[in-house]
Amino acid sequence: MAATTTLGFVLPTGLSRRGGGFRVSLIRCSASPLTNSTASGLVEKPWDSYNARLVLEDGSIWPAKSFGAPGTRVAELVFNTSLTGYQEILTDPSYAGQFVLMTNPQIGNTGVNLDDEESEQCFLAGLVIRSLSISTSNWRCTKTLADYLTERNLMGVYDLDTRAITRRLREEGSLNGVLSTEQTKTDEELLQMSRSWDIVGIDLISDVSCKSPYEWVDKTDPEWDFNSNSRDGETYRVIAYDFGIKHNILRRLSSYGCQITVVPSTFPASEALKMNPDGILFSNGPGDPSAVPYAVETVKELLGKAPVYGICMGHQLLGQALGGKTFKMKFGHHGGNHPVRNNRTGQVEISAQNHNYAVDPASLPGGVEVTHVNLNDGSCAGLSYPAMNVMSLQYHPEASPGPHDSDNAFKGFIELMKRSKQSS
């Protein structure tokens, strides 16, 4: 027979149907019969225990619950303000060397599916969230987020105060940290690990780039395609340098009529020119642009030889190749809601961004135009150098995840290649 427990609650007069004073409401709760394990105090808790830690270099320690792979890893912690698209974020190579903290409090409710992959593996070091959804409810879902992280050997932790951590990052800037599920490691050991590691000056591109050239043939699925009426039907041969390229950048280029050969980050400029491209794309990628001088030299060799388009890391490399400088931002831009003004048209786009570095516009030589400005902080968000058929954006026009305001930038690259072909 089930045991019965009586709980008493004192309710204010306004919540009582009886007038005057206070009354006591009794709620009867049924509990399961006592078992031998209950009597001995060995009942299994109906909730997860705090079995992980996030230790930041500022000395703060955040107890957490693990829902992915176990272990200990060190990386730079950044926050992302996107409301959706956690799977695209997980598979974005630009996050190599970083833990990503999602400011959206609930993550995992749509599960994961193969269609939303931005690369063939996860490159970030770990995922930090407030609340892990206890169920999935999406018709495209094939597995839960927890199972996905475990299969990909990726750490994930939840039940942290992500709002407090985000405020700390906004005040102090991006912080190095350690995620660990190993109870044998002391807090002091983990703190020392976080303080002895640095992401600045590390070449992260080499590990995420493809190893040999390949042809990209997939277009945007018709179910998700947009702006299809703005294409002229011509075909353009494009060489895409893979510094950590996302699949949807390639899909959007293909949908605009580009035949694409993807090449490694170290691919010689002379070999790229032998393919007689109509245009060259320098892709997004992770880390410090000043840590990959070989990529900057490649960009320099290709300037003026064919129209070029830089996205994110590609934009920063173009800035350096043109004679400008880049710098590390306080906490970077990570999210799908950044307002950007197009200086040529005056229009404002809501953009998807993911970068910790920016081009210093004051360092750029004459003739280089800042075409776009981030309205949150005034940083450079786009460049143009008409004399060499150069255009670039600091943010992600493919917007996966994110809004589609900037998709016409791909049309701009097509127009650049078209004018170049007509004048040659």
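## Arg-152 and Glu-117

In this predicted model, Arg-152 is partly exposed, with a relative accessible area of 28%. Its salt-bridge partner is Glu-117, and the closest N and O atoms are 2.5 Å apart. The pair links distant parts of the chain, 35 residues apart: Arg-152 sits in the loop between helix H3 (145–151) and strand E10 (155–158), and Glu-117 in the loop between strand E7 (106–107) and strand E8 (126–128). Glu-117 has 8% relative accessibility and counts as buried, because the cut-off for buried is under 20%.

## Other salt bridges

The whole structure holds 15 salt bridges. One of them joins the side chains of Arg-168 and Asp-58, at 2.9 Å from N to O. Arg-168 belongs to helix H4 (residues 162–172) and Asp-58 to the loop between E3 and strand E4 (61–66), so this contact ties together parts that are 110 residues apart in sequence. Arg-168 is partly exposed at 30% relative accessibility, and Asp-58 is partly exposed at 32%.

Arg-252 and Asp-407 form a further salt bridge, with the closest N and O atoms 2.9 Å apart. Arg-252 lies in helix H7 (residues 247–255) and Asp-407 in the loop between strand E21 (390–393) and helix H11 (408–423), 155 residues apart. Both Arg-252 and Asp-407 are buried. Lys-65, Arg-130 and Asp-159 are linked in a network of salt bridges.

## Overall fold and cores

The protein chain has 11 helices and 21 strands, and 52% of its 424 residues count as buried. Among contacts with a separation of 6 or more, 74% are between residues 24 or more positions apart.

The largest nonpolar core has 30 residues; Tyr-241, Phe-243, Ile-280, Phe-282, Leu-303 and Leu-317 touch the most other members. Elements that each supply at least two residues of this core include strand E13 (236–241), strand E15 (279–282) and helix H10 (313–321). A second, separate core of 28 residues includes Trp-216, Leu-253, Tyr-256 and Tyr-309.

## Helix H5

Leu-190, Leu-191 and Ser-194 are buried in helix H5 (residues 187–195). Viewed down the axis of H5, the buried residues fall within an arc of 100°, so they line one face of the helix. The face turned away from that buried side carries the exposed residues Glu-188 and Gln-192. Strand E3 (52–56), strand E5 (72–80) and strand E11 (175–180) are among the elements that cover the buried residues of H5.

## Surface

Val-348, Ile-350 and Leu-375 form a nonpolar surface patch with about 230 Å² of accessible area together. Ile-350, in strand E18 (residues 348–360), is partly exposed at 34% relative accessible area.

Notes: Residues numbered from 1 in each chain as written. Predicted model: local features only at pLDDT ≥ 70, side-chain atom pairs only at ≥ 80, totals over all residues. Heavy atoms only, no water. Patch = residues over 30% accessible without salt bridge, like charges linked within 9 Å, V, L, I, M, F, W, Y side chains within 5 Å. Areas by Shrake-Rupley, 256 points an atom, 1.4 Å probe, with all protein chains shown as cover. Salt bridge = Lys/Arg side-chain N within 4 Å of Asp/Glu carboxyl O. Helix = DSSP H or I, 4+ residues; strand = E, 2+ residues; numbered from the N terminus. Buried < 20%, exposed > 50% of the residue type's maximum accessible area, 1.4 Å probe, protein only. Arc of directions from axis to C-beta. Contact = heavy atoms within 4.5 Å. Core = buried A, V, L, I, M, F, W, Y, C linked by side-chain atoms within 4.5 Å.
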